[in-house]
Amino acid sequence: MTSTRGPVRELHILPHGGTELPTDLIEETDPENFETLSQLVHQNVDLGTGAIYRRLVEGVRSGAAEGVAVAGFHLSRLLLDANRATVEAQLPVDPYVGSAEIYQTYLRRRGRDLRHEALLPWLAAVDEILQSMDSRGTVYHHHTYDVLSMSPRPWDRGVAAKRPAFQLIWRRPSLDGVIDEGGESADPGLARLEDVEDVRFRIRDFLERKIGLTEGNGDIDYPLLLPVMPFRGSRRGDPPTSPRHLVYDLRKDILLTEEQIRSWVLDGPWRLADGGHGEVKFGGGPAVPSNHA
C-alpha cells in the first residue's frame with residue numbers, strides 16, 4: 001500500500017497483478033514443475049496491471065499525485081483471490097486457467113493460514129482507507145481480461161465471442177451475488193451511469209487515437225457482470241456515504257509497450273469526470289513523502 005500524506009480522495013485497487021509465490025511453496029515444488037508453475041502464474045495474472053501499479057506508485061512517490069492511495073496485492077491469484085468477498089472464493093480450488101494439480105496439496109494445507117497472514121491484513125488496510133473516504137472520493141479498479149473467455153463463470157455472459165477492447169461495470173451485485181437486470185433500478189450503481197458512459201467514450205477515443213486500434217469500442221456490464229467484491233461501496237445496500245467506484249477490464253492484447261502503459265496512466269481516459277468529487281491530476285507539484293503499509 002502506497003499513499004500520499006493527508007486525506008485520500010482517490011484509491012486505486014489492483015487485486016490481480018501479483019505474481020509472487022511463497023518461498024515454502026517454491027521449495028517443495030519439484031524443479032521439473034517450475035516452468036509449469038511459472039506459466040500458470042502468467043496465465044492467471046491480469047497482464048499489464050503490474051506495470052500500471054508501478055506507474056501509479058511512481059506518481060505518488062514523486063509527489064505528482066496528491067491525495068492518492070494505491071493498493072496492489074502481491075501474491076498470485078492462484079493461491080488467494082483478493083477481489084472476492086467470501087472465504088471460499090478467496091481460496092480458489094481451481095485457477096481461472098489451467099490445473100491446480102502441482103500446488104493443490106500446498107493450498108489445502110496452507111491456504112487458510114496465507115489468507116490470515118497476507119490477504120486479511122491487506123483487505124483491512126484497504127477498508128480503513130475506504131472508511132476514511134466519503135461520497136466525494138473515487139475508487140478505481142484496474143483489471144485486464146483475455147481476448148476470449150478461458151473458463152466459464154456464472155458472471156461471464158460472452159463465453160463464445162471475442163471480447164470487446166474493454167468493458168466498464170455499472171451494476172452492483174447484492175451481498176448474495178444477485179444483480180438486478182430489470183433496467184435502471186433504484187440502486188445508483190457504482191457511479192452515475194452518465195459518468196460511466198462518458199468514460200466509455202473517452203477510452204474508445206484513446207484506444208483508437210493513441211494506440212491505433214481500428215475497433216476501440218467497449219461495453220458496459222458486458223461480457224462480465226460484477227462478482228461480489230470485498231470493497232465498501234461496490235455492493236447494493238452499502239452505505240450511501242461510500243465513495244463511487246469505476247471498474248474496468250482492458251483486453252490483454254492492447255497495452256503492449258511501456259510507453260502505451262505510461263500514456264494510459266498519465267492520460268487517464270478511465271477517469272470519471274470531476275463532478276465536484278475533487279479529481280486528482282497526475283503531473284506537477286512539489287514532492288510529497290510517501291507512507292507505506
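Author: The residues lining the largest cavity divide into eleven nonpolar, seven polar and eight charged. Ala, Val, Leu, Ile, Met, Phe, Trp, Tyr, Cys and Pro count as nonpolar, Asp, Glu, Lys and Arg as charged, and the others, Gly among them, as polar. This is a predicted model, where local features need pLDDT of at least 70 and side-chain atom pairs 80 or more, while totals for chains, interfaces and linings use all residues. Residues are numbered from 1 along each chain as its sequence is written, and side-chain values use heavy atoms, with hydrogens and water left out.

Reader: What counts as a cavity and as lining here?

Author: On a 1 Å grid over the protein atoms alone, a cavity is a set of points where a 1.4 Å probe fits but cannot get out. Lining residues have an atom within 4 Å of a point.

Reader: How many cavities of 30 Å³ or more are there, and what volume does the largest have?

Author: There are three of 30 Å³ or more. The largest has about 260 Å³. Volume is the space filled by probe spheres set on the points, which are joined across faces, edges and corners.

Reader: Which residues lie nearest the centre of the largest cavity?

Author: His16, His143, Arg153, Leu224 and Asp249, out of 26 lining residues.

Reader: And which element gives the largest share of that lining?

Author: Strand 4, with three residues. Helix 2 (34-44), strand 4 (138-145), strand 5 (166-169) and strand 7 (244-251) each supply at least two. Helices (H or I, at least four residues) and strands (E, at least two) are DSSP runs, numbered from the N terminus.

Reader: Switching to helix packing. At what angle do helix 3 and helix 7 pack?

Author: Helix 3 (residues 49-62) and helix 7 (residues 258-267) pack at about 55 degrees, axes 10 Å apart. Axes are lines fitted to C-alpha atoms over the stretch in contact, and angles run from 0 to 180 degrees between N-to-C directions.

Reader: Which residues make that contact?

Author: Ala51, Ile52, Arg54, Arg55 and Leu56 of helix 3 touch Glu258, Ile261, Arg262, Trp264 and Val265 of helix 7. Contact means heavy atoms within 4.5 Å. They divide into six nonpolar, no polar and four charged.

Reader: What does helix 6 meet in helix 7?

Author: Ile203, Phe206, Leu207, Lys210 and Ile211 in helix 6 meet Gln260, Ser263, Trp264 and Asp267.

Reader: Backbone now. Is the Tyr222 to Pro223 peptide bond cis or trans?

Author: Cis, with omega near 10 degrees. Pro223 is in the loop between strand 6 (218-220) and strand 7.

Reader: What is phi of Asp221?

Author: Near 60 degrees, a positive value in a residue other than glycine. Asp221 is also found in the loop between strand 6 and strand 7.

Definitions and conventions
1 Å grid on protein atoms, 1.4 Å probe; cavity = no way out; pocket = protein on both sides within 12 Å on 5 of 7 lines; lining within 4 Å.
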